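Reader: I am new to this structure and would like to go through it in questions and answers. Please show it before we start.

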Amino acid sequence: MRSSGHPSMKDVEEIEKKVEQAIKDADTTCKESDAAHCAAAWDNVEELSAAAAHKKVAVQNDPISTDPLEQFCDDNPDADECRVYED
């Protein structure tokens with residue numbers, strides 16, 4: 001099974017959810033606050049978007065992250081195919 005040091009699509013999905021929420025927050029902030037707070041909110045969106053993009057590249061370049069069995073086992077850790085036996 002994948003070690004915790006490897007990036008996964010779940011990591012990317014979590015960051016993308018944060019980006020979506022940050023966009024909503026930025027829209028609200030811009031409607032309710034001054035320009036400085038609005039700019040800061042959009043800076044947060046930009047930083048999260050960049051983090052998501054970097055994580056996607058890391059996942060695509062990691063051979064374990066792109067292994068279909070590893071992805072299956074991440075989603076189904078109790079499946080027979082994902083059992084790990086120790087000597």
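Author: A disulfide here is a pair of cysteine sulfur atoms within 2.5 Å. In general, it is a covalent bond between the sulfur atoms of two cysteines. This is a predicted model, in which local features need pLDDT of at least 70 and side-chain atom pairs count only at pLDDT 80 or more, while totals for chains, interfaces and linings use all residues. Residues are numbered from 1 along each chain as its sequence is written, and side-chain values use heavy atoms, with hydrogens and water left out.

Reader: Why is the disulfide of C73 and C82 left-handed?

Author: The sulfur atoms of C73 and C82 are 2.0 Å apart, and the two residues form a disulfide. The handedness follows from the torsion about the S-S bond, so the disulfide is left-handed at about -90°.

Reader: Are C73 and C82 buried or exposed?

Author: Buried means under 20% relative accessible area, exposed means over 50%, and partly exposed is in between (1.4 Å probe, protein chains only). C73 has a relative accessible area of 5%, and C82 has one of 4%. Both values are under 20%, so C73 and C82 are buried.

Reader: How many disulfides does a search of the whole structure find?

Author: Besides the pair C73 and C82, a disulfide joins C30 to C38, with an S to S distance of 1.8 Å. With bonded cysteines counted along the chain, the pattern is 1-2, 3-4. The search of the whole structure finds two.

Reader: Which hand does the link of C30 and C38 have?

Author: C30 is partly exposed, at a relative accessible area of 27%, whereas C38 is buried, at 18%. The angle about the S-S bond is 85°, and the link of C30 and C38 is right-handed.

Reader: What secondary structure does the protein chain have?

Author: Helices (H or I, at least four residues) and strands (E, at least two) are DSSP runs, numbered from the N terminus. From that end on, the elements run α-α-α. The chain comes to three helices and zero strands.

Reader: What span does α2 reach from its first C-alpha to its last?

Author: The expected span of a helix is 1.5 Å times one less than its number of residues. α2 has 27 residues, and the expected value is 39 Å. The span that α2 reaches is close to that, at 39 Å.

Reader: Which element do the buried residues of α2 pack against?

Author: The buried residues of α2 are C38, A41, V45, L48, A52 and V59. Among them, A41 touches A26 and T29, not counting residues up to four places away in sequence; a contact means heavy atoms within 4.5 Å. The buried residues of α2 pack against α1.

Reader: How far apart in space are S8 and E70, C-alpha to C-alpha?

Author: S8 lies in the segment before α1, and S8 is buried, with a relative accessible area of 10%. In sequence, S8 and E70 are 62 residues apart. In space, their C-alpha to C-alpha distance is 9.6 Å.
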